[in-house]
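Me: Could you take a close look at one strand and what surrounds it, then carry on to whatever else connects? Please spell out the cut-offs as you go.

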Amino acid sequence: MTAALAVVLLALAGFVLQGMFSTTQATEEQSDALIVDMKFTEARIAVAMQEVNLRHYQVEPSVAVRGRFDQIAAEAERNLAEIAGSADEQTRDDAKRLLAGQIAYRELADDLIAKVADSDPDFMAFDRLQVTPAFYTLQNDVDDVSRAYHDYAQQQVIALGKRQGRLLVGTAMGFGVGLTLVAMIMRMVLGYQRRLVTQAADSRHQALHDSLTGLPNRALFQRDLQKALARDGQSALMIIDLDGFKAVNDTIGHHAGDQVLIESGRRLAAHVHSPAVVARLGGDEFAVLLPQVSGLSEATTLADRLVAELNRDFALDEGPAAISGSLGIAVSPDAGSVDADELFRHADAAMYRAKRHGGGVAVYDPGADADQQDDRMQLFADLRVLLETGDPEGRLQMYYQPQVRLRDARVTGVEALVRWQHPTHGQVMPETLLPVAERGGLETALAYHLLALVARQAAGWLAGGWRGRVSVNVSTGALDDERFADNVLATIQAAGLPPQMLRLELTETGIMADSGTALDTLRRISASGVTVSVDDFGTGFSSLVQLRDVPANELKIDQIFLGNLTPGTPDEVMVRSSIDLGHNLGLEVVAEGVEDLATLVHLAGMACDYAQGHALASAVPVGDLPGACWTAETTVAAALGYAASSPAR
């Protein structure tokens, strides 16, 4: 018996060792196969997404879209290059072939982008005859290769399972012969097996899920979307973008930004139930898939709840933060009539329309969204030509709104506001013009043009005897130009305008987002005598330390806080605190957007320095400015009980 037990134990030990070695080897092979499968899948998705961004660029040829195309193309080439370094010869050959195809396609795509940017009329023929065939050849090849390696990875998973099964059976037989000693060995083997299986499951989960939120990533979401579209019935896709996230990330820090992303994912997932899917696509963009919906009303009902959840304040470690969401919905008509990429484009277009209207929910509308895309392209092209030619017809016009000093009801300054008199679209307001300029990379050129226009007009006022200050809104993107300070000073010097008569208005969020380049530029400008205003104060997330470092002369309280100045209300507390803070820092305080005289009187009672808004005078063309100033002064004097002032010049 002793000899028999020894023989059984030796045989069992040999069997277990061999099984452990075989299982380890199989696990390594499976892990390698999953990694290759994942990289080929990522390459396939990147190939498809760069085509999406290429089409997006044709519709909206902006620097941002070109940047996303380059980023995704580089990601595809990086993945293929990494696979090309594999130890397996066949894998290397496949990766090198796909990499060559990707490089060839990207070169054609770069040529197409150049043609679109240059408005080359032959770009559509070039796209149809060369770029599109190259893409479909590359897409078919990468799809075939990705599918083959995915199948191989699944075979490795099955093979590992079979090996584990054989090991389990052999060990179980040893239990009956080796009694207690074999039982101990069995526990050791089973524990080792569980760790291997867990590691394999963890690897697969990590490959298909976002590491921060734990939600499915773009690759897994794309698979789920394709499966949903292959079935009968309607599916709904929602693209969600967080409004205000960048301000949190830039001003409070990346830790706070991560908290917002995690909480946003949790809120979305709490209201979306299986088989629906919530995923994080990247950055502050999320997606929701409803594989089967009864109609548009079901999707919009859920969308309204999701946006309402995102609009609730976020309780962060650093304090509360206000975030909102823009959500676009696209519903597939029926199975097979729309592919995943097209549905993504539809939902993305609807989301941007929602964002343009201040957030909320928008449903894809072929007519409205197509028209909006065409309008943006036309406005961008017209603005670029206008700035390049110097606006000879004077279509970019400045309107001015008086700013009244409350202690004596005198107009001491005006704010310049641009209006674009477009030949076909009529008067284009700043909320439309400025996003077009920013997305197309024209914000700096536009800022220089408007500064020159304002400087010349203000110099004319000076020659007429009025030394009031003129405030100009400047996009913080213009501060990234290292020549910005020199250009501003050269512009006012050429116009003969004293630096003290010019005030640059920059948003609180924009100033706080850059503690280096922007602040250095502002300090140079401030040292020359040009003053700086922190616009929209209270809507950002700046700290007192950040505000202390900004060379500002003025705080402008945003109009959203002027809606209810009844004593004891949050708005009244916010406005009073902002005024006290500004005065304690040695800054002047301006309340903008004053819509009624009761608010004006309350502001004067809180020792606010200046006010502007429709209740005093609206923004008017330069020729109507003297009358608007007189109206503003007499209105304030009457409301505050001052003696009538002499007409403003």
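Reply: Strand E3 (residues 285-293) has 8 of its 9 residues buried, so it is largely enclosed by the rest of the structure. Buried here means under 20% relative accessible area, with exposed over 50% and partly exposed in between, using a 1.4 Å probe and protein chains only. Strands are DSSP runs of E with at least two residues, helices are runs of H or I with at least four, and both are numbered from the N terminus. Keep in mind that this is a predicted model: local features need pLDDT of at least 70, side-chain atom pairs count only at pLDDT 80 or more, and totals for chains, interfaces and linings use all residues. Residues are numbered from 1 along each chain as its sequence is written, and side-chain values use heavy atoms, leaving out hydrogens and water.

Now for the partners of E3. Strand E1 (residues 234-243) runs antiparallel to E3, joined by 7 bridges; two strands pair if DSSP finds at least two bridges between them. In that pairing, Ile240 sits opposite Phe286 of E3. Strand E2 (residues 277-282) is also antiparallel to E3, with 5 bridges, and Ala279 faces Ala287 across them.

E14 pairs in the parallel sense with strand E13 (residues 531-537) over 3 bridges, where Phe537 stands opposite Ile557. E14 also pairs in the parallel sense with strand E15 (residues 588-592), over 4 bridges, and there Lys556 lines up opposite Val590.

Last, the rings. There are 6 aromatic pairs, counting rings of Phe, Tyr and Trp (its six-membered ring) with centres within 6.5 Å; planes under 30 degrees apart are stacked, over 60 edge-to-face and the rest tilted. Phe221 and Phe344 have ring centres 6.1 Å apart and planes at 70°, so they make an edge-to-face pair. That pair links distant parts of the chain, with Phe221 in helix H5 (residues 218-230) and Phe344 in helix H9 (residues 340-356), 123 residues apart. Both Phe221 and Phe344 are buried.
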